[in-house]
Number of protein chains: 2
Amino acid sequence: MLNITLAQYDLVYNAFSFTIAVMGAATVFAFLNRSQVAPAYRTAMTLTGIVTLIAGYHYFRIANSWEAAFIVEAGTIRLSGVGFNDAYRYVDWLLTVPLLLIELILVMRLSSAETVSKSVRLGLLAALMVALGYPGEIASDHGTRWLFFALSMIPFSIIVYELFFGLRKSIENQPAEARGLINGACWLTIGSWSFYPVVFVLPMLGIEGGTANVAVQVGYTIADIVAKAVLGVLIYMIAVRKSAADGAYVSGALPIPARA
Amino acid sequence: MLNITLAQYDLVYNAFSFTIAVMGAATVFAFLNRSQVAPAYRTAMTLTGIVTLIAGYHYFRIANSWEAAFIVEAGTIRLSGVGFNDAYRYVDWLLTVPLLLIELILVMRLSSAETVSKSVRLGLLAALMVALGYPGEIASDHGTRWLFFALSMIPFSIIVYELFFGLRKSIENQPAEARGLINGACWLTIGSWSFYPVVFVLPMLGIEGGTANVAVQVGYTIADIVAKAVLGVLIYMIAVRKSAADGAYVSGALPIPARA
């Protein structure tokens, strides 16, 4: 956090403001276009919008905390003495990461029993993963940081394993026109999530100081946009294709999507 | 930015406030009247409202940044030392310009494959155009400014070409009662977009100082209102006429629009 330049301060601030706009847009998109999918997929759309709404709220707080942590005057920048609140991110993830997994499970429309068991198991693992990361994030010594990193990687690895192998059979049972998108959504989740532990270990690899801090903030921001807003659009597209495959359009209640 | 008069400060501030009101009104209009068009056109209405919502958010930030950049006291005005944040505009355009092109494509209701391919191609070109403009906007020397202007004009030209010729065949396939409006929407887009590069080059033509800065701010503001809010109303009118042409009104679910 120390010794960042004014240009770096602006870069991070603009990244936060950009994210507020993206999350707001994604929320409105999910809530309005919820009526464009069959009722079976509307809970997935609701959760998608709730995830980006929660993220938008936290980015608003994060941007304000960033502003309060520095004093910009006559083209110079210095620390104000008010600490930047890193906890907002973890509070956000504690809520949104389990919801993200549940929206992915819901849009697959598995059996009722499977939906509940997978949602509970993956949701709890995700919450555990985030909760174990936090003591490491606020630790001042590298030993504690590595310890909690290692602990947090246990639920992380199980979730990745579940997305890869546990959902394999369910994905194969999906309608052909949605299978590619669902595969894409799983890969997008694994890909964007892999970014978080990389960002987490940066300070332990000796990459510290102002520039590293800027990289961490911008890095988490990009990962959040991909994992939440971009995933949300994918979830919508999956829901539209599955609604069509389910024959929901026959009733005329929903628009028949143009086909090539 | 330097040496603006109090009257110029007020003019720009009021232009920003006016734009917040316009964008807010356009957003509510799009979201409420979304239900007045056939379901096939509702995503276009959703995007129209999202574009003006994002713009309204950024104009709110821009107005606050403008206020913070000056100190007005006892009828005099001076710089506060806090820089006016020009990045809000580029962050806004990075999001809204691709969405504007996508709403135009969606309201045409092309085939699914064409919609996706045109949306991805034009959306990426638009994002590239905005991203290439920013290094020029913040450059202090005219050489760099001209370089990025030239680079940014490449995707700009391709987009204009696509709107003129790439969509020509699609426009000819539109129902007769909507064709004129869709043509109008393409022309409005090209016309309002042409304004941005003109505003961009003003400082390079020796038109600098406070008055030029005021012209730039008011100019971008007018262009944004036309390109986003006025276009949004056109998109709505197109969607209403196309809904009627599609026979959506036959069921009585939607009001029969008055015909000329």
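The model is predicted: local features need pLDDT of at least 70, side-chain atom pairs count only at pLDDT 80 or more, and totals for chains, interfaces and linings use all residues. Residues are numbered from 1 along each chain as its sequence is written, chains are lettered from A in the order in which they are written, and side-chain values use heavy atoms, with hydrogens and water left out.

**Interface between chain B and chain A**

- In chain B, 27 residues are in contact with 24 residues of chain A (contact means heavy atoms within 4.5 Å).
- About 2,000 Å² is buried between the two chains, and carbon and sulfur atoms give 62% of this area; buried area is the accessible area (1.4 Å probe) that two parts lose on being put together, summed over both.
- Between chain B and chain A there are 9 residue pairs in polar contact, both residues being at pLDDT 80 or more (a pair of N or O atoms within 3.5 Å; within protein, one must be able to donate a hydrogen and the other to accept it, and residues adjacent in sequence count only if both atoms are side-chain atoms).
- Helix 2 (42-69), helix 3 (87-108) and helix 4 (112-138) of chain B each supply at least two residues of the side that touches chain A (helices are DSSP runs of H or I, at least four residues, numbered from the N terminus).
- Helix 2 of chain B gives the most to that side, with 10 residues.
- The count of salt bridges between chain B and chain A is 0 (a side-chain nitrogen of Lys or Arg within 4 Å of a carboxyl oxygen of Asp or Glu).

**Salt bridges between helices**

- Over all chains, the whole structure has 15 salt bridges.
- Lys118(A) and Glu162(A) form one, with the closest N and O atoms 4.0 Å apart.
- Lys118(A) lies in helix 4 (residues 112-138) and Glu162(A) in helix 5 (residues 142-166) of chain A, so the pair ties together parts 44 residues apart in sequence.
- Both Lys118(A) and Glu162(A) are buried (under 20% relative accessible area; exposed is over 50%, partly exposed in between; 1.4 Å probe, protein chains only).
- Glu162(B) and Arg121(B) meet in a salt bridge at 3.1 Å, N to O.
- Glu162(B) counts as buried at 11% relative accessibility, whereas Arg121(B) counts as partly exposed at 39%.

- Asp224(B) forms a salt bridge with Lys228(B), the closest N and O atoms being 3.1 Å apart.
- These two residues are separated by about one helical turn because they are 4 residues apart in helix 8 (residues 209-245) of chain B.
- Asp224(B) is buried at 1% relative accessibility, and Lys228(B) is buried at 2%.
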